[in-house]
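Dear colleague,

I am passing on the structure we spoke about, with the sequence beside it.

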Amino acid sequence: MTDQAQQPEGEVPDKPTSASRTTLSHIMTGSDTNLLGTVHGGVIMKLVDDAAGAVAGRHSGGPAVTASMDEMVFLEPVRVGDLVHVRAQVNWTGRSSMEVGVRVMAERWNESTPAQQVGSAYLVFAAVDEEGKPRRVPQVVPETERDKRRYQEAQIRRTHRLARRRAIKDLREKRAAEGIDD
Ligand SMILES: CC(C)(COP(=O)(O)OP(=O)(O)OC[C@H]1O[C@@H](n2cnc3c(N)ncnc32)[C@H](O)[C@@H]1OP(=O)(O)O)[C@@H](O)C(=O)NCCC(=O)NCCS
């Protein structure tokens with residue numbers, strides 16, 4: 001952690017992972033279901049985005065917008081009556097962006113078993129100013145060994161996201177330069 005008073009102008013002090021870690025809990029109701037009678041994936045994705053947004057806002061100390069959501073995985077169906085816990089934390093920070101990792105757990109309404117993991121996702125949020133322009137975020141300081149592993153894995157995903165975007169951009173520019181119009 002860096003002392004705020006020692007920060008150069010324009011810098012923001014670091015923050016530990018635990019400062020913004022958040023759990024959002026919600027009981028699923030009949031209005032959350034799809035045609036199969038289980039909970040609609042979009043309902044879960046909304047909870048994931050809400051929890052991740054709360055974490056990004058807490059960590060960055062202001063507004064933050066969803067830039068991307070990837071690797072949304074649904075492991076098990078969620079049912080009406082289940083108590084869903086959506087746990088989110090900042091895994092990694094860049095200059096103005098944060099990767100937030102989310103784990104979705106379900107407590108089955110009709111079973112006395114521990115909460116079961118039913119999904120997970122990784123979202124990138126960008127902190128923005130009043131004009132919607134990216135602003136600097138505090139660097140996250142991983143505390144536990146698990147936080148450190150998540151930080152390292154997030155760096156791998158960041159590298160892959162940038163490489164994929166660059167490769168697709170290059171391909172499109174090459175095709176355009178060859179006069180291919182699609
Ligand atoms: C996200 C947004 C602020 C990025 O603005 P921009 O002018 O492209 O700014 P930049 O290119 O400097 O990107 C800002 C940061 O976000 C990251 N970023 C931008 N788009 C991204 C994407 N698709 N995936 C992952 N990261 C992304 C950049 O890598 C950069 O990170 P860094 O500062 O840590 O290096 C802008 O695209 C936006 O406002 N999008 C709409 C957001 C929104 O409305 N979300 C709700 C969905 S309805």
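The notes below go from the overall fold to the sheet, then to the helices, and end with the ligand.

Please keep in mind throughout that this is a predicted model. The protein contains 2 helices and 7 strands, and from the N terminus on its elements run β-β-α-β-β-β-β-β-α. Taken along the principal axes, the C-alpha atoms fill a box of roughly 55 × 55 × 35 Å, and 29% of the 182 residues count as buried. Among the contacts with a separation of 6 or more, 71% are accounted for by residues 24 or more positions apart.

In what order do the strands of the open sheet lie? The sheet has 5 strands, with antiparallel pairing, in the order E2-E4-E5-E6-E3. Strand E2 (22–27) and E3 stand at its edges, and because each has a single partner strand, one side of each is left without a neighbour in the sheet. From one strand to the next, the twist averages 25°.

Going through the pairs, strand E4 (residues 83–93) runs antiparallel to E5, the two being paired over 10 bridges, and within this pairing His85 has Met105 in E5 as its bridge partner. Strand E5 (residues 97–107) is in turn joined to E6 by 10 bridges, again with the strands running antiparallel, and here the partner of Ala106 is Gln116 in E6. Between E3 and E6, which also run antiparallel, there are 8 bridges, and Ala64 stands opposite Ala127 in E6. As a reminder on such pairing, strands of a sheet pair through backbone hydrogen bonds, either parallel or antiparallel.

Is strand E6 largely enclosed or left open by the rest of the structure? Of its 12 residues, 9 are buried, so E6 is largely enclosed by the rest of the structure.

Turning to the helices, H1 (residues 41–60) has 20 residues and reaches 28 Å from its first C-alpha to its last, close to the 28 Å expected at 1.5 Å a residue. The buried residues of H1 are Ile44, Leu47, Val48, Asp49, Ala51, Ala52, Gly53, Val55, Ala56, His59 and Ser60. An α-helix has 3.6 residues a turn, so residues three or four places apart point the same way. After H1 comes Gly61, whose phi is positive, near 70°.

Finally, which residues come nearest to the ligand? Of the 14 residues around the ligand, these are Ser68, Gly94, Arg95, Ser96 and Ser97. The elements that give two or more residues to this shell are strand E3 (64–74) and strand E6 (116–127), and E3 gives the most, with 4 residues. By class, the shell is made up of 6 nonpolar, 6 polar and 2 charged residues.

With best wishes

Conventions. Residues are numbered from 1 along each chain as its sequence is written. This is a predicted model: local features need pLDDT of at least 70, side-chain atom pairs count only at pLDDT 80 or more; totals for chains, interfaces and linings use all residues. A residue is near a molecule or strand if its C-beta atom, placed from the backbone, lies within 6 Å of it. Ala, Val, Leu, Ile, Met, Phe, Trp, Tyr, Cys and Pro count as nonpolar, Asp, Glu, Lys and Arg as charged, and the others, Gly among them, as polar. The expected span of a helix is 1.5 Å times one less than its number of residues. A residue is buried if 20 or more other C-beta atoms lie within 10 Å of its own, exposed if 12 or fewer, and partly exposed in between; C-beta atoms are placed from the backbone. Two strands pair if DSSP finds at least two bridges between them. Axes are lines fitted to C-alpha atoms, for helices over the stretch in contact, and angles run from 0 to 180 degrees between N-to-C directions. Two residues are in contact if their C-beta atoms, placed from the backbone, lie within 7 Å.
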